[in-house]
Structures are given as C-alpha cells and as structure tokens.
Amino acid sequence: MEFRTPSYFALASLIDGPLHGYAMVRRAAELSDGVVRLSTGTLYALLERAIDEGLIVAGEPYIEGGRQRRDYSLTQDGRHELQAEAERLARAARTVTRRLRVTASAVAE
Amino acid sequence: MICERVAGLALCAYPSVPRAARGEEMLGTLLDASASSRTRFVREIVDLVRRGLRTRATQTASAGARRLVADGLCLAATWVMTLDLSTLLSQRARGMHDPLLAPASIALLAAILAIALIGYDRLAGAGALAWTASRIPALWDHHPGIINLIPEILPLICFCAMVLAARHRSPDLRRLAWLLVPATLVLTLGPPSDEQSPLLLAYVALAAISVAVFALAILPTDPRVAIAGAVSVSNLGLAVAAINHDTSVPACLFLAAAPVVLIGAITRTRRLRLATPI
C-alpha cells in the first residue's frame, strides 16, 4: 500500500499508542520536524480511509476539556503496512544516496 | 464563539452521515489546532469546506457514471413533460385549435407527469413514449419531413432512460406539489403577450435563474440537476435549429450544453472512483 507523506506521518503518530485527532496533528508535526502540518479536513479524510482499509481503529467518543474526542490506534495490519512503507522509503533513500556517492567524483571532475 | 459558528457552518459542506458521526469531534480538533493563529483558522476552514465537498462528490460518484447519467435523464424527462404540458395548456388557453391540443392528449400528458412525479418512472416513461408516438402523425402533418421530427429525439432518449434505467425511489404523493410549476407557467405565459402579468413573468424568470444557479453550484458534487438542465436546454436548441433552421452561435451553444455537461460529469465521476493512495 502506498502512503502520501501526510498519511505516513499521521499513521506514524500512533506508533507509541492511541491518540485523539488534535494530538495526532501535533505528533505528526513533531515526527516530521514541522514539515507535515495536518489540517482537520485532511486528517479526518485520511482517518476515514485508514479505518476502511483496516489500518486504524477508532475508540468510543469521550469529553476532554469541553471537547469531544475519540482515540485512534494502529491495528496489526496498520503496523505492518507502516513498516513496509518505512522500509520502502529507506531502500529508496539508500539507493539514491549510493548513486550520488558513486557519481560524485565523476561530476566533480 | 464566532469561530465555533463559522466552523460549524463549514462542516455543513460534509454529507449528513459523516457530519453526525464525527462533526463534534472535528470541530474540537479544528478549534484546538487553530487556536493560536487566525491564518491557520482560515486555512483550516477552507480545507474543511474543500474536503467536505469532495466527500459529497465521492459519495455521489459511488453510484457510478451510468446511474448518475440515467438519473439526470429521468429528471430531464420530467422537466420536458412539464414544459410540454405548460406549452400545450398555454396554447389552448390562447384559444388555439389543433389536433395536437386535443384535451384527451393533454390530460394524458398531465396524468403521465403526475405518475412520474409520484415516483413510478418506468410506467411514466412507457406512457410518455406512447404519448409521443401518438402525436407523430399530427406533427408530420404540420411539418412534413423527417428533419422536423428531430426535436422529438432528446425527449425520446429521456423517456427510454425512464423505462430502461428507472430511478429507485419510494412513491411519494407529496411530490405532486411540483404540478404547481406547470400551473404557474400556464398562468404566466397562457394569456396573450399584452395581458401577461409582469410580476408573474419576473417570478418565473427568477425561478429559472435560481434553478440554473443551483445546478451550477452543486455541479461539482452532484451533476444530476445540471444534466437535466443541459438536456432541456439542448432540446430547446434542437427545436430552434430544426424548425427555424437557425444555426447562429446562441443556438449552437444551446445544442452543445448536453454533450458538454454529460462528458464533464462522466469524466469527473470516473476520476472520483479511481483508487488513490491514502
């Protein structure tokens, strides 16, 4: 399964345990060094898709600080897909880095 | 408080089911995420509306392009019947006499329109096809030549759609209230030109503009009303082009309405149904 960058970091925000929507927004921003700033519409659209695909499960709603919340957690399938995507990205990065190193001297000449 | 109201309004872009399921929760997340910045709040609202409309569009597209086009054609059939009934009654009200204006024929069309409005598409479509066939000899007498029957082609396509791809909706007698539309049109256009009420004319013009604006406004999320409108407009263009031999730019634009809207609706529906990465 292929993930867009915001979805990748949104799912990654749940690695350490269940989080509600706003906590996911903050955690995704932390993990991506501020690159991914999930908006509410984007977050809930991808949550809907991820739930349909069985990557995430939603908990029961509750009230916290006057706001309605719901915690989301990764399923086993979600962890596997995330792991596979992380490995794919790492492989792609290694390949490109290796080629850049190999050709660096030739370009310098 | 104002931010909460604005966000609540923006949530209306979503269909009712997801709004009821997650609306409150989304509202809380949005207000927390944008608490520190007005710019962020505006960005959040714009994105929420965009995503909501896309959710609506995807939900509508899930029916498939074929179903949406069939729904649009069935609706167009009802509109064509409404306009035909209004025209025939107006001509009779002006004292015109013609076999095409026979009371039995007009009564039959009114009954078929009522059946269509209640929700029996298949029966109404079959009735409309029979009604059209019964008029062909008189139409031929008026304007001999196959080219003069061209204006009947689009209505026939719409009536066939009613028979072959009827909409699945439960019968509802309250929809008979739509018969007020032909009644209003007859009241407005029935009297001779110098006796027509300017107020009613303005009301009908405003209603027509409102329908056009509504169809264009919901076109990105639901093309069915636009398809019905475009077919009706093209039908008018076809009649003008065939009977008056008018090939001016406005007549061509009218003719092009249905193909343009249909191609656009089918393309967009297919694109929305394509699987995309999460």
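Which residues does Leu73(B) touch, not counting residues up to four places away in sequence? Leu73(B) touches Ile157(B), Cys158(B), Ala161(B), Ile227(B) and Val231(B). Touching means contact: C-beta atoms, placed from the backbone, within 7 Å.

The model is predicted: local features need pLDDT of at least 70, side-chain atom pairs count only at pLDDT 80 or more, and totals for chains, interfaces and linings use all residues. Residues are numbered from 1 along each chain as its sequence is written, with chains lettered from A and ligands numbered from 1 in the order in which they are written.

**View 1. The largest nonpolar core has 41 residues.** Leu73(B), Ala76(B) and Met81(B) are among those with the most contacts inside it. H4(B) gives the largest share, 13 residues. Another core, of 35 residues, lies apart and includes Leu11(A) and Leu11(B). (A nonpolar core is a set of buried Ala, Val, Leu, Ile, Met, Phe, Trp, Tyr and Cys residues joined through C-beta atoms within 7 Å; buried means 20 or more other C-beta atoms within 10 Å of the residue's own. Helices are DSSP runs of H or I, at least four residues, numbered from the N terminus.)

**View 2. H4(B) packs with H11(B).** The angle is about 145 degrees, and the axes are 9 Å apart. (Axes are lines fitted to C-alpha atoms over the stretch in contact; angles run from 0 to 180 degrees between N-to-C directions.) H4(B) supplies Ala65(B), Leu68(B) and Val69(B) to the contact. H11(B) supplies residues including Leu262(B) and Arg270(B).

**View 3. Chain B meets chain A.** The contact takes 17 residues from chain B and 24 residues from chain A. H2(B) gives the largest share of chain B's side, nine residues.

Note on methods
Contact = placed C-beta atoms within 7 Å. Helix = DSSP H or I, 4+ residues; strand = E, 2+ residues; numbered from the N terminus. Buried ≥ 20, exposed ≤ 12 C-beta atoms within 10 Å, placed from the backbone.
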